[in-house]
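Subject: Structure handover

Hello,

Here is the structure I said I would pass on. My notes on it follow below.

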Amino acid sequence: MDCKKSLVDRENPDITVKRQCELLGIPRSSFYAKRKPEGFTEEEERAMKIMDEAHTENSYYGARSHMKNLAKHGIEFGRHHVARLMEHMGIRSTAPQPKTSTPAKKHPKIPYLLRGLPIRHPNQVWATDITYVPLGRGHVYLSAIIDLFSRFIVGWRLHDTIEAEEAVICMEQTIERYGCPAISNSDQGSTYTAQCYIDCLSSHSIRQSMDGVRRWADNVYIERWFRNLKHDCIYQTEYKNMRELRHVIAEYVDKYNYKRLHSSLDYATPAEWYFSGLNAVNFPEDKGMNLAA
């Protein structure tokens with residue numbers, strides 16, 4: 001297996017990683033080797049847990065506010081140090097500011113496709129993101145994908161690195177279970193501008209969309225779900241390891257998808273909207289949503 005994996009060329013312009021794996025007869029997920037997570041000091045891990053809890057309650061906090069809040073807990077970090085931790089955690093202030101999502105220059109320019117788009121059925125648009133989750137004296141990451149029409153969580157994956165390959169595996173597993181969306185939207189983070197992620201969407205003919213500058217609220221539905229998960233579940237529950245945390249999240253997702261009523265969905269559950277929308281030939285025109293320009 002290792003010999004075959006060494007034959008896969010990530011940079012091949014003519015054959016995608018997926019197709020190379022198929023030709024070599026190896027599972028695509030096995031090709032992506034996990035890398036050692038970035039190391040953090042015990043004080044930085046404590047700071048990130050405090051910042052995550054503060055962000056869950058006060059999502060408008062920026063680096064300066066987090067810096068002041070950390071000082072109250074006896075942690076004296078500078079603003080730039082706090083900003084770097086925020087960037088690693090994937091959290092940002094929800095207060096609108098210019099140039100909050102500027103991608104690196106080497107990354108391809110991916111357009112924003114949701115402006116004024118009527119969303120009328122399931123699997124028309126998915127939104128995806130990654131969030132930080134504390135675990136013991138360290139942390140892990142949670143990737144999740146939400147169907148914007150129904151608010152149904154179609155996929156999620158818990159992982160201990162923040163590499164783009166983890167987002168690819170999450171997307172591939174979700175597609176295998178629920179099919180392909182027409183559009184997948186995300187922020188401009190390096191995870192979603194990585195070539196392996198772009199190739200994943202392209203291989204399934206999924207159009208990729210990215211929040212633009214000053215479009216800070218476009219991924220609000222998945223970010224709001226992350227905050228609710230942490231506020232209602234993660235910070236209210238004891239768990240000791242990845243296995244227990246995975247079980248906690250699975251129970252929450254099941255309750256959210258199949259049992260929790262949503263006023264924005266006419267007091268139905270996300271699952272009811274998702275599956276009834278899939279089965280409807282002509283879904284009522286007054287249903288759904290429209291993202292403003």
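A residue is called buried when its relative accessible area is under 20%, exposed when that value is over 50%, and partly exposed in between. Please keep in mind that this is a predicted model.

By that cut-off Val168 is buried, because its relative accessible area is 1%. Val168 belongs to helix 7, which covers residues 164–178. Thr191 is 23 residues away from Val168 along the chain, and the C-alpha atoms of the two are separated by 9.3 Å.

Next, helix 6. This helix takes in residues 79–89, and its buried residues are Val82, Leu85, Met86, His88 and Met89. How are these buried residues placed when seen down the axis of helix 6? They fall within an arc of 160°, so they line one face of the helix. The other side of helix 6 has His80, Arg84 and Glu87, which are exposed.

What do the buried residues of helix 6 pack against? Two of the partners are helices, namely helix 4 (42–57) and helix 5 (63–72). The others are strand 2 (125–135) and strand 3 (138–147). Just after helix 6 comes Gly90, with a positive phi of about 80°.

Then the cysteines. A disulfide is counted when two cysteine sulfur atoms lie within 2.5 Å of each other, and by this rule there are zero disulfides. Cys170 is in no disulfide, and the nearest cysteine sulfur to its own is that of Cys200, 9.9 Å away. Cys170 counts as buried, because its relative accessibility is 2%. For Cys180 the closest cysteine sulfur is also in Cys200, at 8.8 Å, which is too far for a bond. Cys180 has a relative accessibility of 36% and therefore counts as partly exposed.

Last, the surface. Which residues form a nonpolar patch there? The patch is made of Tyr258, Phe275 and Leu278, and together they have about 260 Å² of accessible area. Tyr258 lies in helix 11, which runs over residues 242–258.

Regards

Technical notes
Residues are numbered from 1 along each chain as its sequence is written. This is a predicted model: local features need pLDDT of at least 70, side-chain atom pairs count only at pLDDT 80 or more; totals for chains, interfaces and linings use all residues. Side-chain values use heavy atoms; hydrogens and water are left out. Buried means under 20% relative accessible area, exposed over 50%, partly exposed in between (1.4 Å probe, protein chains only). Helices (H or I, at least four residues) and strands (E, at least two) are DSSP runs, numbered from the N terminus. The arc is that of the directions from the helix axis to the C-beta atoms. Contact means heavy atoms within 4.5 Å. Patches are made of residues with over 30% relative accessible area and no salt bridge: like charges are joined within 9 Å, nonpolar side chains (Val, Leu, Ile, Met, Phe, Trp, Tyr) within 5 Å. Accessible areas come from the Shrake-Rupley method with a 1.4 Å probe; for residues, only the protein chains shown count as cover. A salt bridge is a side-chain nitrogen of Lys or Arg within 4 Å of a carboxyl oxygen of Asp or Glu.
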